Structures are given as structure tokens and as C-alpha cells.
Amino acid sequence: MKTLSRRDFLAASAAAFSAAAVPSLLLPARPARADGHKVITAGRRVIEVKGRAANVFGLTQADGSHGLVMSAGENFHIRLENRIGEPTSIHWHGLTPPWQQDGVAGISQKPIPDGGSHDYDFPVPRPGTFWMHSHVGLQEQRMLAAPLIVRDPEEASADIQEVVVLFHDFTFRDPHEVLAELKAGGHDMQMMQTSPSGHAGHDMSGMSMDDGHMNHGGMSMNGMDMGGTQMGGMAHLQDVQYDALLANDRTLDDPEVFAVEPGGRVRLRLINGAASTNMWIDLGSLSGTLIAVDGMPVEPLEGGRFEFAVAQRLDILLELPWEAAAWPVLAVQEGGRMRTGIVLMSKGATVGRLTEITEEDFPAVGAGLEEKLRAAKPLAERQPTRRHTMMLGEAPGYVWMLDGAVHGVDRPLAVKTGDRFELTFMNHTTMSHPMHLHGHHFQVVAINGRHIAGAMRDTVLIPAGMGMVTIAFDADNFGKWALHCHHLYHMVGGMMTSIVYEA
Ligand SMILES: [Cu+2]
């Protein structure tokens, strides 16, 4: 039997899909620009995962490009059209727009109905690797996400090849089914010990494991193998079983291959667009220089492996060797072996077969990288004018809380323009949490009470096992802003609040 090429497969699948009467795809083609706005359409598309057609969402322009590339200094002049078949809103993750244009349904705007559109127009002064994604329900799990790259005009003449990769964790299942299972406590819990050096956690030896708050999903930790936990903290890792990890929609048995020059320079713009999977970036035989996280420059840091929490971005500069070769850039799930990636390949080289399973377990993602990062452009030295310690909590039934509140958006933290706000997250739960603040960039200023002049970010991971991270930001963007865990099922499970400026 003749096997279909990837292109044939996708064409056939798309035809079958549209024949099944998806109204979004049957609408006439729209103009590329409407009233001077560039149009981005939230729509449906078909990708191939492990030989099967998968119906997912996407954010595409009229020319078919996924997401957006623009230059710092331009305006974000976008008309977002909703053709996904249900209401949505899209958040511009990492941009700092006026709060009414932040794209969070329930905070900054009403959801856009199917068939409707919403216009955005605001200046984008800063370059960086950002992304856009749904802020409604579980749509992000179905890949309603895309890159949002803001190039620095001053770097336009630099001889550096840009490679953008959006990573994702993929399931064929309906995410609502996944959530229902998590709430019922029927998921496979994957317990994992972390070594004392593996993350900056506290000694858990004094803790009673049958404390109410250590229960999870109705399951007592007493039943778990506790051997050796005195040696370090305990993390409860990815509780959703995924079918695959994807890099730019592809699995590692059919990866995207980027043609590169031997001796050339490459800037990787990596986006962890996973719904709930913290990852490790593994450069294999290469070593890279991390130059920015979450779109904000850091002091250059050399390495071959980098921790990469949900919703974070890594900009890594590579100087390729002078040889004909193929260099995979891999992303591996924490605490597991599933991986994905892309391949950089110079002329004359061939790609060997890459397996989707690593030979070794990768540890939990913690604060190891975070402790080493230093902002290239830190906040000005200043005493905080407000401080708050926020407790990250959990309750049986997959309930996640901030300061004891479930979905506490209407119980906001108060802030006033001009404040220097210092916010400490204390993690009393069994899982780590990538905490994201909208509308601002913050600096990581302490980890487990140890002060550092850490990275400027918009998303920081608070490790499990009493992890404690302090961030600081200048209150310079008036409005009402979401503050939440970016693990999609934690957010939907209640781990969301807001920060509201006093008039
Ligand atoms: Cu979380």
C-alpha cells in the first residue's frame, strides 16, 4: 500500500473535516486588512499527530502564517476574528497593553461570540519573544495559541537566523473529559522525589504527610511510597497523560527541519505553549547562550540544558560548528521521558531517526535556572511601598486556591500607581505552579528568602514542597489585571485572582 505523504494526508484530512460541515471553514475568504487592521483569525485546523488527524484551533493571518511577527515601535493594530464555533478571547502574553485590551474574558473584555470580531490598537515599545493564547475555558489545550514575536529594529542588520518554536502538550481527548477525571481523582499520579540539590525546596522531614492540605484529589499521600523523601522535597508532576509533545505542531518522528549554515548564528525563540507540562530544553551536543527569558534580556548564561516552565520563553543564541551536521533542539517533559523537538540541519547532512522517548528520566523543573539568572536591565533600586505574601493552596477534588480563595478575581490585591510592589508566593501544595502576572514585567528578587537580582519575567515557577519566590514590580500600568497559575487545569480549578489599581 502506498503511504500518503504528509501533504496528502493533511489535504485529505482537511477535506474530510470541512465536508463534516464546520461553518468556520465555509465562510468566504476575508480581506487581509480591515480598516487598516491586520486580521488574525481564531479558527479550526487539522494537524497530523502520530498518523492520526487531529482537529485543533489556531491563530492565523490571511496569508496562512501562524501568529504574528512585528517590530518594536509599531502599533499592535489587530482585528481578531472568531471562527472557532464558540466564544473566545485571546490574551497577548508578555505585552503590556492598556488593560481593556489584554484579552482576558471576565476581566478586560467580554468574550467574542463566534462569528464576531474585536479590534486592538496599542503601542508595542519593547522587543521580545511573546505569544498569544485563549483565555477562555480549556481552549488553550486545543492549541488556540501562536507565537507573537516583536523584533528589535536595532538587530535587523545582525546576521542571525531566527528560529521560532512553539511547544505544546497534545491529547486526542476532549479536555473537559481530562478535567472531569482530574476532579474525580482518577488520574495517574506520578510522584517523584527531588534531590536536595534538584530544587531549592525545604526539608520536608518535619512535615506530617497526612495534613489535610497534603491530600490531593481525595487521595491520601499515606498510600504512596515515601521512601527517601526526607532527603528532599516531594513533587507531584504532570497529572495529565498526554499522547505527544509537539514542536510547531509536529512530533519528533516527523520534525520540522530548519536549513542552517555551518558556522552560522541562530537565535532560538522558544515558547512553552503547553497547557500543563514543564519541560527541559536539551541542546544535545551543542552549547547555547541564554540571552532572554520571557522576552526580557538576561546576563548571558551558557548551557546545554535549561529549565522551561509552562508559559515561559527562552531566547538562546547558538554558534553552529563548521561542519555538515544535523543538530536537534529537544524539549523533554519534566520527571519523564517524552520529548519533542526540531532539527537544525546544514547542507549535505542527514537526520538520523529521533525517538520520542529519552534514555534517561529528566528531573522535576525547579528553581535551579532561576537562581542563576540575572536581569540585564533590572528594576531601579528602591524600597517596596507594598508587600504581600500569597499562599498557594489546594483542596481535594482538584481545587486550587490563592490566599484561600477559589477563583478569587473579585477579591483583588490593591495597588496604586507609583507603588513598588513586592509579592511573595508560598507554595503549600504538592505541585509546582507557573505564576503569571498580566500587564507588567516583574523581577525575581528572592528565592526561598535568599535575595538575588534575578531575571525580569512575566511567568515564574514556584516549586513544590514549600517553594517560596518573591517578585517585585513597579505599578505603572493602571487597570485590572489577572494574576494566575498558568497550568491550565489549575487555573480552571480556581488558581486565579487579580490585581486592581486604586483610583
Ligand atoms: Cu498551578
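In this predicted model, Cys 485 and His 490 are both buried. These two residues also belong to the copper site, in which the protein donors of the ion are the ND1 atom of His 433, the SG atom of Cys 485 and the ND1 atom of His 490, lying 2.0 Å from the metal. Along the sequence, the donor residues of the copper ion follow the spacing H-x51-C-x4-H.

The donor His 433 lies in strand β27, which spans residues 433–437. Because five of the five residues of this strand are buried, β27 is largely enclosed by the rest of the structure. In a regular strand, the side chains alternate between the two faces of the sheet. In β27, His 433, Met 435 and Leu 437 point one way, whereas Pro 434 and His 436 point the other way, and all of these residues are buried.

Strand β27 is paired with strand β31 (residues 459–462), the two running in the antiparallel sense and being joined over four bridges. It is also joined by three bridges to strand β33 (residues 480–485), again with an antiparallel course. Met 435 takes part in both pairings, since, by the pairing criterion applied to strands, it stands opposite Val 460 in β31 and has Cys 485 as its bridge partner in β33.

With a relative accessible area of 1%, Asp 458 is buried, and its side chain is joined to that of Arg 313 by a polar contact of 2.6 Å. When neighbours within four places in sequence are left aside, the residues in contact with Asp 458 include Met 435, His 436 and Leu 437, which are residues of strand β27. Also among the contacts of Asp 458 are His 93, Gly 94, Asp 294, His 440, His 441 and Phe 442, together with Arg 313.

Gly 366 and Ala 309 are 57 residues apart in sequence, and their C-alpha atoms are separated by 8.6 Å in space.

Notes:
Residues are numbered from 1 along each chain as its sequence is written. This is a predicted model: local features need pLDDT of at least 70, side-chain atom pairs count only at pLDDT 80 or more; totals for chains, interfaces and linings use all residues. Side-chain values use heavy atoms; hydrogens and water are left out. Donors are N, O and S atoms within 2.8 Å of the metal (3.2 Å for Na, K and Ca); water is not among the atoms, so sites may look incomplete. Buried means under 20% relative accessible area, exposed over 50%, partly exposed in between (1.4 Å probe, protein chains only). A polar contact is a pair of N or O atoms within 3.5 Å; within protein, one must be able to donate a hydrogen and the other to accept it, and residues adjacent in sequence count only if both atoms are side-chain atoms. Contact means heavy atoms within 4.5 Å.
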